[in-house]
Amino acid sequence: MKRVGIIGGMGSLASADLYSKIVSLTPAKCDQEHILLSIDNNALIPDRSEYIFRGDEIKPDPLPYLIDSAKRLENSGCKAFCMACNTAHFFADDLKKHTSMKFLHMPEITVSSISKIYPNAKDIAVIATVGTRRTGIYDKFLNLKGFNSVEFSPQIEQNIMECIYKGVKAGKTKEYVGLFRDTLKMIKADVFIAACTEIPIFIPYLNSEFKFIDATSELAKAIINFAKS
């Protein structure tokens, strides 16, 4: 079995959610059949969205912190690694230059899954931070598969950011379920991507009226497949 590394801490609850999904999705009958994982919960990594849109003159660059985590994972024996943060994929190409490990790219993996699960879908809503949406890290893969990425109004973007930062990251998920549900109702889409690792925390509180594909779950499946390959 191959060891897989996770750069976590962006945020810590989202990293725990990814680990929990890996464990629950692994077809293991005993401890020894579970996946070998190294998790670097690097909570000191600076905010990705703030850096992307405000620049290094104001905010510190997350890339050196990501490289530091990747090196620790590689030194622990990992053959592949991933990041438990969608927005951090903005730095993926530069990060890969500093390691020989295979990179499991969450947006690419997720869009590939949509094309298999919902082949007749057209309009896809990327529910994510402003950083993830405006950098287009999902859009380029959606375009390649012939999907349309739904545009959001400033109000919808603001609501989603509040749900992520004031809700999940602040440990107040339940208080923001109503705002999250009302915001989704404002969006016309065939499929919603939980494209921020905080968003899946809301999904258990929703009903089946929204067709969600959880990027965290899709990444978890890819980790299991790689580890057992």
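Q: What am I looking at, and how are residues numbered?
A: This is a predicted model, where local features need pLDDT of at least 70, side-chain atom pairs count only at pLDDT 80 or more, and totals for chains, interfaces and linings use all residues. Residues are numbered from 1 along each chain as its sequence is written, and side-chain values use heavy atoms, with hydrogens and water left out.

Q: How do I read a sheet, and in what order do the strands β2, β1, β3 and β4 lie?
A: Start with the terms: helices (H or I, at least four residues) and strands (E, at least two) are DSSP runs, numbered from the N terminus, and two strands pair if DSSP finds at least two bridges between them. Here, 4 strands make an open sheet with parallel pairing, ordered β2-β1-β3-β4. At the edges sit β2 (37-41) and β4 (102-103), each pairing on one side only. Strand β1 (residues 4-8) is joined to β2 by 5 bridges, with G5 opposite S38.

Q: Where is the other open sheet, and which strands are its edges?
A: That open sheet of 4 strands runs β6-β5-β7-β8, again with parallel pairing. Its edge strands are β6 (148-149) and β8 (212-214). Between β7 (residues 191-194) and β8 there are 3 bridges, and I193 faces I213 across that pair.

Q: What is a nonpolar core, and which residues have the most contacts inside the largest one?
A: In soluble globular proteins, nonpolar side chains tend to be buried together. A core is a set of buried (under 20% relative accessible area, 1.4 Å probe, protein chains only) Ala, Val, Leu, Ile, Met, Phe, Trp, Tyr and Cys residues joined through side-chain atoms within 4.5 Å. The largest one has 58 residues, and I127, Y138, F212 and I223 have the most contacts inside it. Helix α10 (residues 215-228) gives the largest share, 8 residues. A second, separate core has 20 residues, including M10 and I67.

Methods. Buried means under 20% relative accessible area, exposed over 50%, partly exposed in between (1.4 Å probe, protein chains only).
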